[in-house]
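Please look through the sequence and the model before reading on.

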Amino acid sequence: MSTMIKTVRALGVSLAATVAVALASPAFAAGEAPHIPREQWSFAGPFGTFDKAQLQRGFKVYREVCSSCHGLKLVSFRNLAQPGGPGFTEDQAKAIASEYTVQDGPNDDGDMFERPAILADKFPSPFPNEQAARASNGGAYPPDFSLIAKARAAHRGFPWFIFDAFTQYNEQGPDYIHALLVSYGEEVPEGVVVPEGKHYNPAFLSGTAIGMAQPISDEQVEYTDGTPMTVDQYARDVSAFLMWAAEPHLEDRKKMGFRVIIFLIVFASLLYFTKKKLWRNVEH
């Protein structure tokens, strides 16, 4: 009995320590973690799907604004025409690819050469190497956007991640990207010092000063479908597109998950009734 009591006490102390550490983490320190509002997304929830029109608008924003500094090295041009994607046809994807130039080779003479991209190629980087990228951006290295919607997710600490698991909240990345893009231009609070060459942005996870200047403004990218051409709309569209780039098979994954749940329910029911039939004449 004494051994059991000691074990229970040890577990209680361990749990209390875990909770204390979680509550003392930076994510819970008052005033330190930026507030990232939760947005409404068509792809949220167990049955969510991508809005193809929104993905196409988001690709347009990426192409005309973001691609000058940020690459998509893990995304191929053929992905633009895949099921569950932006909804481009194969011919449209080929036309988009042909507007890019990629390096290939070596040729018969052993030299590298450039050619128009094809569907099998991935989006080329805007810079030949990291050093060139830093030199063009004041020493800062623009991150690749292939997985940015996952890598920059504003994950919440204990106990909120438990609620997120039950509510299946997985849109921290798009929420953060949207918040970051719409938070430029806010007044710098008293006592906050923004270093020279930096820009104040209260949604930035690594502090309130970010090296990237405000990348987009109202009516900068022309929409032809009547969608409002505002910073908020641009931010929503490009956030959705980057979520798709990070998880292009999201719709297939959700469909498969639903089928697995149905199978498990049917399988568990069959096991239950089989057990009842086999053991019905056995006294317990």
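Against which elements do the buried residues of α7 pack? In this predicted model, they pack against α5 (148-151), α6 (160-167), β4 (209-210) and α8. Helix α7 itself spans residues 172-182 and is mostly covered, with ten of its eleven residues buried. Among the buried residues of α7 are Gln172, Asp175, Tyr176, His178 and Leu181.

The protein chain as a whole contains nine helices and four strands. Starting at the N terminus, its elements follow the order α-α-α-β-β-α-α-α-α-β-β-α-α. Further values for the protein chain are listed below.

| Property of the protein chain | Value |
|---|---|
| Share of the 284 residues that is buried | 32% |
| Share of contacts with a separation of 6 or more that join residues 24 or more positions apart | 61% |
| Share of the accessible surface (about 17,900 Å²) that belongs to carbon and sulfur atoms | 58% |

One of the elements that α7 packs against, α8, holds aspartate 237 and covers residues 231-246. Is aspartate 237 buried or exposed? Aspartate 237 counts as buried because its relative accessibility is 0%, and buried means under 20%. Its side chain makes a polar contact, at 2.7 Å, with the side chain of tyrosine 223. When neighbours within four places in sequence are left aside, aspartate 237 is in contact with Gln54, Arg57, Gly58 and Tyr223.

Terms used: Residues are numbered from 1 along each chain as its sequence is written. This is a predicted model: local features need pLDDT of at least 70, side-chain atom pairs count only at pLDDT 80 or more; totals for chains, interfaces and linings use all residues. Side-chain values use heavy atoms; hydrogens and water are left out. Helices (H or I, at least four residues) and strands (E, at least two) are DSSP runs, numbered from the N terminus. Buried means under 20% relative accessible area, exposed over 50%, partly exposed in between (1.4 Å probe, protein chains only). A polar contact is a pair of N or O atoms within 3.5 Å; within protein, one must be able to donate a hydrogen and the other to accept it, and residues adjacent in sequence count only if both atoms are side-chain atoms. Contact means heavy atoms within 4.5 Å. Accessible areas come from the Shrake-Rupley method with a 1.4 Å probe; for residues, only the protein chains shown count as cover.
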